[in-house]
Amino acid sequence: MKNSVLVELANLRTMTSDDLRKLWKDLYKTESPRANKQYLTKRIAYRIQEVAYGGNTTEIETRLSAKVDEYFGKGGKSKRAYKKAITGSVLVRIYHGIEHQVAVLDDGYHYQGCKYRSLSAIAKKITGMAWSGNAFFGLNKKLETIHE
């Protein structure tokens, strides 16, 4: 990173909310939203880097769209968007006061040192009853639309 960008980013921590709102107006050419200091700081930090290094290029947008399609199907709204967790994520469920963590693998799930092919098998192991694994771990809840 350029030194001037690093300095600008470091200075954000010491700025008051009023200072951040003024900087927002300079960077975005609009009034700042009525948001807390943390929100403003994060968005301004992004904007400073975007101005210094450029925003998303067509190549980046294309790659991001391809990843969205890969994970969520075309258009970002397929059933897969809430039926399959993303590889590498960890699902957490507290059941009867005990926290259960499941790692999502490419070809299954990892729970308590064992590999499982389905979340339903893990839910049954935890509860002793047949459960929809997606329902047990909250994956049946629809995700908010990615494309706004």
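Contact here means heavy atoms within 4.5 Å.

First, the ground rules. This is a predicted model, numbered from 1 along each chain as its sequence is written, and local features need pLDDT of at least 70, while side-chain atom pairs count only at pLDDT 80 or more. Totals for chains, interfaces and linings use all residues, and side-chain values use heavy atoms, with hydrogens and water left out.

Now the overall layout. The protein has 7 helices and 4 strands. Helices are DSSP runs of H or I with at least four residues, strands are runs of E with at least two, and numbering starts at the N terminus. In sequence order the pattern reads α-α-α-α-α-β-β-β-β-α-α.

How much is buried? Of the 148 residues, 28% are. Buried means under 20% relative accessible area, exposed means over 50%, and partly exposed lies in between, with a 1.4 Å probe and protein chains only. Among contacts with a separation of 6 or more, 30% join residues 24 or more positions apart.

Next, the helix pair. Two packed helices are described by the angle between their axes and the distance between the axes. Take H1, residues 3-12, and H3, residues 37-53. Their axes come within 10 Å and cross at roughly 170°. That makes H1 roughly antiparallel to H3. The axes are lines fitted to C-alpha atoms, for helices over the stretch in contact, and angles run from 0 to 180 degrees between N-to-C directions. Over 145 degrees counts as roughly antiparallel, under 35 as roughly parallel, 65 to 115 as roughly perpendicular and the rest as oblique.

Who touches whom? From H1, it is Val 5, Glu 8, Leu 9 and Leu 12. From H3, it is Thr 41, Ile 44, Ala 45, Ile 48, Gln 49, Ala 52 and Tyr 53.

On to Ser 32. Ser 32 sits in the loop between H2 (17-28) and H3. Ser 32 is buried, because its relative accessible area is 17%. Its side chain makes a polar contact with the side chain of Arg 21, at 3.3 Å. Leaving aside neighbours within four places in sequence, Ser 32 is in contact with Arg 21, Trp 24 and Leu 40.

Last stop, Lys 124. Lys 124 lies in helix H6, residues 119-127. Lys 124 counts as partly exposed, at 48% relative accessibility. Beyond neighbours within four places in sequence, Lys 124 is in contact with Met 129 and Ala 130. Phe 136 is 12 residues from Lys 124 along the chain, and their C-alpha atoms are separated by 9.5 Å.

Notes. Polar contact = N/O pair within 3.5 Å; in protein donor to acceptor, adjacent residues only side chain to side chain.
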